[in-house]
Amino acid sequence: MSRQSQGVPITAPKAVVALAAGTTALTSVEHANRLLTISTAGSLHTLNLPRAEGSGDVYEFLVTVAMTSNIVINAVGTAPSNKFVGCIYQQATGSGNTLTRFASTTNDIITLNQTTTGGLAAGDYLKLCDTAPDQWRIVFGLFTTSGAPATPFSG
């Protein structure tokens, strides 16, 4: 029996989606519950999340190259109406095993600038979950910085 005769789709949705440089309006249909890779080193990435509704959708971001331009992740709306809640950890290059923790309960922008706020290295990672109306839960975030770590949260 073929997969098609058993009712299994021949093509499944992509498990990994490469995000293009520039501004991307993320949608639950195209981006939720997939690994979203950021692979264009010299280009700004502005990623606009959909409004949080409590859907349980997960958005995972993985930097796959050493970045030289900013990555900005926006929660739609104005803080505190749509916010990030949770912690991001940063490790400065050359700091050994030392991590710095930054927390948010009201911010709606995450900016990674490759220096003090992170997003410098391949392997940097952020996982967000739509847990409630107007609330993005930071499940896990780990970023590499150069220099003294600073908060990536604003707004």
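Helices (H or I, at least four residues) and strands (E, at least two) are DSSP runs, numbered from the N terminus. With that in hand, let us walk through the structure. It is a predicted model, where local features need pLDDT of at least 70 and side-chain atom pairs count only at pLDDT 80 or more, while totals for chains, interfaces and linings use all residues. Residues are numbered from 1 along each chain as its sequence is written, and side-chain values use heavy atoms, with hydrogens and water left out.

Start with the overall plan. The chain has one helix and twelve strands. Reading from the N terminus, the order is β-β-α-β-β-β-β-β-β-β-β-β-β. How much of the chain is buried? Of its 155 residues, 39% count as buried, where buried means under 20% relative accessible area, exposed means over 50%, and partly exposed is in between (1.4 Å probe, protein chains only). Contact, in what follows, means heavy atoms within 4.5 Å. Among contacts between residues at least 6 apart in sequence, 69% join residues at least 24 apart.

Now look inside. In soluble globular proteins, nonpolar side chains tend to be buried together. A nonpolar core is a set of buried Ala, Val, Leu, Ile, Met, Phe, Trp, Tyr and Cys residues joined through side-chain atoms within 4.5 Å. The largest such core here has 27 residues, and Leu49, Phe61, Ile73, Phe84, Leu126 and Leu128 touch the most other members. Strands β1 (16-19), β3 (34-38), β5, β6, β7 (83-92), β9 (109-112), β10 and β11 each supply at least two residues of this core. Take Leu126 as an example: leaving out residues up to four places away in sequence, Leu126 touches Tyr59, Glu60, Phe61, Ile73, Ile88, Ile110, Ile138, Phe140, Gly141 and Phe143.

On a 1 Å grid over the protein atoms alone, a cavity is a set of points where a 1.4 Å probe fits but cannot get out, and lining residues have an atom within 4 Å of a point. Grid points are joined across faces, edges and corners, and a volume is the space filled by probe spheres set on the points. A search of the whole structure finds one cavity of 30 Å³ or more, and about 40 Å³ of space lies in the largest cavity. Its lining is made of Ile38, Phe61, Leu62, Val63, Ile71, Ile73, Leu112, Asp124, Tyr125, Leu126 and Phe143. The elements that give two or more residues to this lining are β5, β6 (71-74) and β10, and the largest share, three residues, comes from β5. Sorted by class, the lining has ten nonpolar, no polar and one charged residues; here Ala, Val, Leu, Ile, Met, Phe, Trp, Tyr, Cys and Pro count as nonpolar, Asp, Glu, Lys and Arg as charged, and the others, Gly among them, as polar.

His45 lies in strand β4 and, at 0% relative accessibility, counts as buried. Beyond residues up to four places away in sequence, the contacts of His45 include Leu19, Ile38, Met67 and Ile71. Met67 sits in the loop between β5 and β6 and is buried too, with a relative accessible area of 3%. Setting aside neighbours within four places in sequence, Met67 is in contact with residues including His45, Gln114 and Leu120. Gln114, in turn, lies in the loop between β9 and β10 and is buried, with a relative accessible area of 7%. Gln114 has a positive phi of about 70 degrees although it is not a glycine.

Asp134 also has a positive phi, near 65 degrees, in a residue other than glycine. This residue brings us to a charged pair. A salt bridge is a side-chain nitrogen of Lys or Arg within 4 Å of a carboxyl oxygen of Asp or Glu. How many salt bridges does a search of the whole structure find? The search finds one, and in it the side chains of Asp134 and Arg51 meet (2.7 Å, N to O). Asp134 lies in the loop between β10 (125-132) and β11 (135-145) and Arg51 in the loop between β4 (45-48) and β5 (58-63), so the pair ties together parts that are 83 residues apart in sequence. Both partners are partly exposed: Asp134 has a relative accessible area of 25%, and Arg51 has one of 37%.

Our last stop is Thr93, in the loop between β7 and β8 (100-104). At 49% relative accessibility, Thr93 counts as partly exposed. Thr93 and Ser146 are 53 residues apart in sequence and 5.5 Å apart in space, C-alpha to C-alpha. Not counting residues up to four places away in sequence, Thr93 touches Leu120, Thr144, Thr145 and Ser146.

Conventions:
On a 1 Å grid over the protein atoms alone, a cavity is a set of points where a 1.4 Å probe fits but cannot get out, and a pocket is an open set with protein on both sides within 12 Å along at least five of seven lines; lining residues have an atom within 4 Å of a point.
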